[in-house]
Amino acid sequence: MKLHSDDRRWLTASHIVLIFCCALVLIPFFLLIVASFTDNNWATVNGFSFFPKEWSVVAYTYISTQWATIGRGYLMTVIVTAAGTFGSIMLTSMYAYGLSIDTLPGTKILNFLTVFTMLFSGGIVASYFCWSNIFHVRDTIWALILPNLMMSAFNVILVKNYYKFSLPAELLEAARIDGASEFGVFWKIVFPLSVPIIVTIGLMTGLLYWNDWTNGLYYLTERGGSHLYTVQILLNQINDNITFLSQNASSTGNVNVAELPSTTVRMAIAIVGVLPVMIVYPFFQRFFVKGITLGGVKG
């Protein structure tokens, strides 16, 4: 099909804008990668540059020698992300299924409470008191999984809209007539047909868990919960106090503290932390776009 001249100009302008936006996103990542391979002394004196005059892999060498600390944080990040994402998908999808049934008693109240939590919250102090003194999650792995991230009202609304407007009601009603229970309808029909929206909320929740460090800041103490530190918490510790890894290095004797690449090691750990996300995301992008479209534009 031949494009009109005006359409061609708009298409060209759109491509230029998108290329510019992509450059704004990719340039910081490129600088992060280059900075992690920059010589630490040169970066300390001259700052980070896209074209450093001195290169070094000392930061990655340090990470390899300190893998007992950083690797444990990496493993904890994987465990917390997997467990939290799975739990969030189960709770969100089942709760949203209940909200999508108009005949369910109390649906209007539950919908109101769900939207209400998007506008108002109990605040950090009240949440901290409940999780610490009532649920006793401090210095446990549950402190990294349960607070703040397990369920999102935004995700619930996305999934509810998908169930309500993208799944044929006749199919669900036929299953009920054939004697299927509500749990059977959900598990055997609704859930398998909701892969796009499930992958969407799973990807968003997984990113939140992977990048989270505030739960560790609030609920993990250095004395009782340091063995539960994730990569992001460890990176935050480095940013707040660069001597954190220096003390680990001096205690293990693997690295001379004076030679610790304190400037570039932050960048190298950031690369280690973000690399799995960059690898996994392209495989789920098509589900992400489809799920957001189907779950967000209706209702």
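## The largest pocket

The largest pocket has a volume of about 730 Å³. A pocket here is an open set of points on a 1 Å grid over the protein atoms alone, with protein on both sides within 12 Å along at least five of seven lines. Grid points are joined across faces, edges and corners, and a volume is the space filled by probe spheres set on the points. The model is predicted: local features need pLDDT of at least 70, side-chain atom pairs count only at pLDDT 80 or more, and totals for chains, interfaces and linings use all residues. Residues are numbered from 1 along each chain as its sequence is written, and side-chain values use heavy atoms, with hydrogens and water left out.

The pocket lining holds 24 residues. Lining residues have an atom within 4 Å of a point. Nearest the pocket centre lie Thr 117, Asn 148, Leu 149, Met 151 and Ser 152. Five helices each supply at least two lining residues: H4 (67–99), H5 (107–119), H6 (123–134), H8 (153–166) and H11 (195–211). Helices are DSSP runs of H or I, at least four residues long, and strands are E runs of at least two, numbered from the N terminus. By class, the lining has 13 nonpolar, eleven polar and no charged residues. Ala, Val, Leu, Ile, Met, Phe, Trp, Tyr, Cys and Pro count as nonpolar; Asp, Glu, Lys and Arg count as charged; the others, Gly among them, count as polar.

## The largest cavity

A search of the whole structure finds one cavity of 30 Å³ or more. A cavity is a set of grid points where a 1.4 Å probe fits but cannot get out. The largest cavity has a volume of about 40 Å³. Its lining consists of Thr 77, Val 80, Leu 144, Tyr 209, Trp 210, Asp 212, Thr 230 and Ile 233. The lining divides into five nonpolar, two polar and one charged residues.

## Helix packing around H5

H5 and H8 pack at an angle of about 135°, with their axes 9 Å apart. Axes are lines fitted to C-alpha atoms, for helices over the stretch in contact, and angles run from 0 to 180 degrees between N-to-C directions. H5 and H8 are therefore oblique to each other. Angles under 35 degrees count as roughly parallel, over 145 as roughly antiparallel, 65 to 115 as roughly perpendicular and the rest as oblique. H5 contributes Asn 111, Thr 114, Val 115, Thr 117 and Met 118 to the contact, and H8 contributes Ala 153, Phe 154, Val 156, Ile 157 and Lys 160. Contact means heavy atoms within 4.5 Å. Six of these contact residues are nonpolar, three are polar and one is charged.

The axes of H4 and H5 come within 9 Å and cross at roughly 130°. That makes H4 oblique to H5. Tyr 95, Gly 98 and Leu 99 in H4 meet Thr 107, Leu 110, Asn 111 and Thr 114 in H5. This contact has three nonpolar, four polar and no charged residues.

## Individual residues

Asn 111 lies in H5. Its relative accessible area is 21%, so Asn 111 is partly exposed. Buried means under 20% relative accessible area, exposed over 50%, and partly exposed in between (1.4 Å probe, protein chains only). Beyond its neighbours within four places in sequence, Asn 111 is in contact with Leu 99 and Lys 160.

Thr 38 sits in the loop between helix H1 (5–36) and helix H2 (40–46). At 2% relative accessibility, Thr 38 counts as buried. Not counting residues up to four places away in sequence, Thr 38 touches Ala 43, Pro 52, Glu 54, Trp 55, Ser 56 and Thr 264. Leu 203 is in H11 and counts as buried, at 13% relative accessibility. Leu 203 and Tyr 281 are 78 residues apart along the chain, and their C-alpha atoms are separated by 7.9 Å.

## Positive phi in two loops

His 136 lies in the loop between H6 and helix H7 (142–145). Its phi is near 55°, a positive value in a residue other than glycine. At 55% relative accessibility, His 136 counts as exposed. Asn 148 is in the loop between H7 and H8. Asn 148 is not a glycine, yet has a positive phi of about 75°.

## The chain overall

The protein chain has 15 helices and zero strands. Of its 299 residues, 39% count as buried. Among contacts between residues at least 6 apart in sequence, 74% join residues at least 24 apart.
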